[in-house]
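The sequence and structure are shown first.

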Amino acid sequence: MSPNTCWLCMTFRAEENGIISKVSFDEVLQWSQSFEKLITSKHGPMIYKTYLKTEHSDENIEFWLACEAYKKITSQRKRIYVARKLFTNYIQPQAPKEINIDSPVKKSIVRNLQEPTESCFDEAQRVVYMHMERDSYPRFLESKFYQQLKYRLQTDSNIPSVH
């Protein structure tokens with residue numbers, strides 16, 4: 001599959017989900033200011049995830065977002081269930097979406113699984129955040145995907161509306 005086909009497929013999927021029509025040119029421009037602005041914006045995480053799928057590294061953003069949701073769980077019973085699910089999907093060796101974290105961090109999570117707290121994945125989440133910020137975020141900003149999204153939204157925002 002050529003890079004152009006990938007771009008067309010990604011755009012089609014994003015349009016299908018209605019993301020492209022909801023994101024503003026100003027929001028997209030802010031993403032280039034910092035990774036924090038991208039990851040905490042309304043549509044940034046979903047657009048970034050679409051890009052990461054092309055790099056086969058969308059497990060990182062999925063894990064990061066799952067950790068954000070995990071921290072908001074108030075029920076200990078649900079926290080235990082979700083902690084085990086996060087471990088099974090992202091942490092354990094050969095997990096379907098295994099993230100790249102070192103052994104001490106993994107061992108710490110294993111110890112905490114018996115009585116998981118809201119912070120038991122914090123270190124793993126921090127490591128994944130750093131991987132994204134240092135590695136895939138700069139590539140995202142330089143990607144055809146991001147550049148064409150900016151161009152398209154800039155072009156659309158320059159078309160005068162008819163009243």
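Helices (H or I, at least four residues) and strands (E, at least two) are DSSP runs, numbered from the N terminus. On that basis, the secondary structure of the protein chain comes to 10 helices and 0 strands. The model is predicted: local features need pLDDT of at least 70, side-chain atom pairs count only at pLDDT 80 or more, and totals for chains, interfaces and linings use all residues. Residues are numbered from 1 along each chain as its sequence is written, and side-chain values use heavy atoms, with hydrogens and water left out.

**Overall organisation**

- From the N terminus on, the elements of the chain run α-α-α-α-α-α-α-α-α-α.
- Of the 163 residues of the protein chain, 42% count as buried, where buried means under 20% relative accessible area, exposed over 50% and partly exposed in between (1.4 Å probe, protein chains only).
- Contact means heavy atoms within 4.5 Å; among contacts in the protein chain with a separation of 6 or more, 64% are accounted for by residues 24 or more positions apart.

**Nonpolar core**

- A nonpolar core is a set of buried Ala, Val, Leu, Ile, Met, Phe, Trp, Tyr and Cys residues joined through side-chain atoms within 4.5 Å.
- The largest such core has 42 residues, and Y48, F63, F121 and F140 have the most contacts inside it.
- At least two residues of this core are supplied by each of helix 3 (25–31), helix 4 (35–40), helix 5 (44–54), helix 6 (58–71), helix 7 (76–91), helix 8 (103–112), helix 9 (122–142) and helix 10 (144–157).
- Helix 9 gives the most to this core, with 8 residues.
- In soluble globular proteins, nonpolar side chains tend to be buried together.

**Helix 6**

- The expected span of a helix is 1.5 Å times one less than its number of residues; the 14 residues of helix 6 should therefore span 20 Å, and its end C-alpha atoms are 20 Å apart, which agrees.
- Its buried residues are D58, E59, N60, I61, E62, F63, W64, C67 and Y70.
- These buried residues of helix 6 pack against helix 4, helix 5, helix 7 and helix 9.
- Leaving aside its neighbours within four places in sequence, F63 is in contact with L86, Y90, I91, I99, F121, A124, Q125 and V128.
- N60 lies in helix 6 and counts as buried because its relative accessibility is 12%.
- With neighbours within four places in sequence left aside, the contacts of N60 are I99, V128 and M132.

- Helix 5 is mostly covered, with 8 of its 11 residues buried: G44, P45, I47, Y48, K49, T50, Y51 and L52.
- Just after helix 5, H56 takes a positive phi of about 60°.
- The axes of helix 5 and helix 9 come within 11 Å and cross at roughly 90°; axes are lines fitted to C-alpha atoms, for helices over the stretch in contact, and angles run from 0 to 180 degrees between N-to-C directions.
- The two helices are therefore roughly perpendicular to each other, a class that covers angles of 65 to 115 degrees, with under 35 counted as roughly parallel, over 145 as roughly antiparallel and the rest as oblique.
- I47, Y48, Y51 and L52 of helix 5 make this contact with M132, S136, Y137, R139 and F140 of helix 9.

- K106 has its place in helix 8 and, at 19% relative accessibility, counts as buried.
- Apart from neighbours within four places in sequence, K106 is in contact with I91, E98 and I101.
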